[in-house]
Amino acid sequence: MKQIVFALPGNEWLAERIITQLSAVKGETEIRHFPDGESYVRVGTDVLGCQVILISTLDNPDSKLIPVYFLSSLVKELGAAKVTLVAPYLPYMRQDKRFKQGEAITSYYFSRYLSGFTDELITIDPHLHRKHALSDLYTIPCQTLHTSGLIADYIIENIKDPLIIGPDSESEQWISEIARRTKAPYIVLEKTRTGDKEVKIKAPRIEEYINKTPVLVDDIISTARTMIETVLLLKKAGMQSPVCIGIHGIFAENALNELTAAGAKEIITANTIRHESNKLDITDLLVTALRN
Ligand code: R5P
């Protein structure tokens, strides 16, 4: 089936790479806001009978979702055979239970919403914790891609004698795989979060690894409190400044500067969200998935 790739605003750089590697057609589109803030969407490419691929990473999701919804609805109305949403960062995964009475379980609502207007979702390392697969939430087919190979290669090429550190129990799923690939030891810390910016970390038996290079790996860096508290703890324990690797670097507010100031030796992310810290390129992962 002919593949047509449309970039949502801000995703043109990734769409261009995918178009080139897939030899796909570039979808022409106009997306803008009216003076009153409402969205305007138009396509200038015939999509009849084609697979339409929408590229839109979804950090800061609330403002990005309406254009994605409108564009997807439009191409379906114009006869697209299939709409695939490529969202390298998939939001609304962390509120996967009612932590306090009366709270919305937004991971569930969001999955229903997205499943309602796309036919397929491709994403990278979604935050799966109490849900073990996207199929537990989404009613459309989902391809979940992983950066563990990219992270392991980076560590092998750049870091001597690493100790892979995950900040909390859910991180074990990715750090164990990175440790397996790098043949490095790993430890999982104990995290308690009591608020958006209130995080406590415990690191049992960290002294055993005092001479290693600590490599902290988490899936998301948002406020960076998780990483900051861990960096401070490791430094207090007498370890070297850690290399901090986050797959999705959201860096809310002043998070990047605060993490640097806490003493991170280096901060590295994948380009699921474009940022100056990007050193891990996800393009090939996406292209392979789209070829399949
Ligand atoms: C949640 O458990 C995630 O895996 C991350 O640890 C979390 O989202 C990081 O958030 P922050 O940077 O705000 O501490």
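How do the residues of the lining of the largest cavity divide into nonpolar, polar and charged? Point 5 takes this up.

1. Basis. The model is predicted: local features need pLDDT of at least 70, side-chain atom pairs count only at pLDDT 80 or more, and totals for chains, interfaces and linings use all residues. Residues are numbered from 1 along each chain as its sequence is written, and side-chain values use heavy atoms, with hydrogens and water left out.

2. Ligand shell. The ligand is surrounded by 15 residues, and E170, D218, D219, T223 and T226 are the closest. A residue counts as near when one of its heavy atoms lies within 4 Å of the molecule. By class the shell has 3 nonpolar, 4 polar and 8 charged residues. Here Ala, Val, Leu, Ile, Met, Phe, Trp, Tyr, Cys and Pro count as nonpolar, Asp, Glu, Lys and Arg as charged, and the others, Gly among them, as polar. At least two shell residues come from each of β11 (190-195), β13 (213-221) and α6 (225-236), and β13 gives the most, with 4 residues. Helices (H or I, at least four residues) and strands (E, at least two) are DSSP runs, numbered from the N terminus.

3. D219 places a polar side-chain atom 2.6 Å from an oxygen atom of the ligand, and K191 places one 2.9 Å from an oxygen atom of the ligand. From A224, a backbone N or O atom lies 2.7 Å from a ligand oxygen atom. Of the 370 Å² of accessible area that the ligand has on its own, the protein covers 95%. Areas come from the Shrake-Rupley method with a 1.4 Å probe; for residues, only the protein chains shown count as cover.

4. Largest pocket. The ligand sits in the largest pocket, in the sense that more than half of its atoms lie within 2 Å of the grid points. On a 1 Å grid over the protein atoms alone, a pocket is an open set with protein on both sides within 12 Å along at least five of seven lines, a cavity is a set of points where a 1.4 Å probe fits but cannot get out, and lining residues have an atom within 4 Å of a point. The volume of the largest pocket is about 1300 Å³; grid points are joined across faces, edges and corners, and a volume is the space filled by probe spheres set on the points. It has 40 lining residues, with R94, Q95, R193, G195 and D196 closest to its centre. β11 gives the most to this lining, with 6 residues. The lining divides into 12 nonpolar, 12 polar and 16 charged residues.

5. Cavity. There is 1 cavity of 30 Å³ or more. The largest cavity holds about 30 Å³ of space, and its lining consists of K197, T223, A252, E253, N254, A255 and E258. That lining has 2 nonpolar, 2 polar and 3 charged residues.

6. Backbone. Most residues other than glycine have a negative phi. E253, not a glycine, has a positive phi of about 50° and is found in the loop between β14 (243-249) and α7 (255-262).

How values were computed
Polar contact = N/O pair within 3.5 Å; in protein donor to acceptor, adjacent residues only side chain to side chain.
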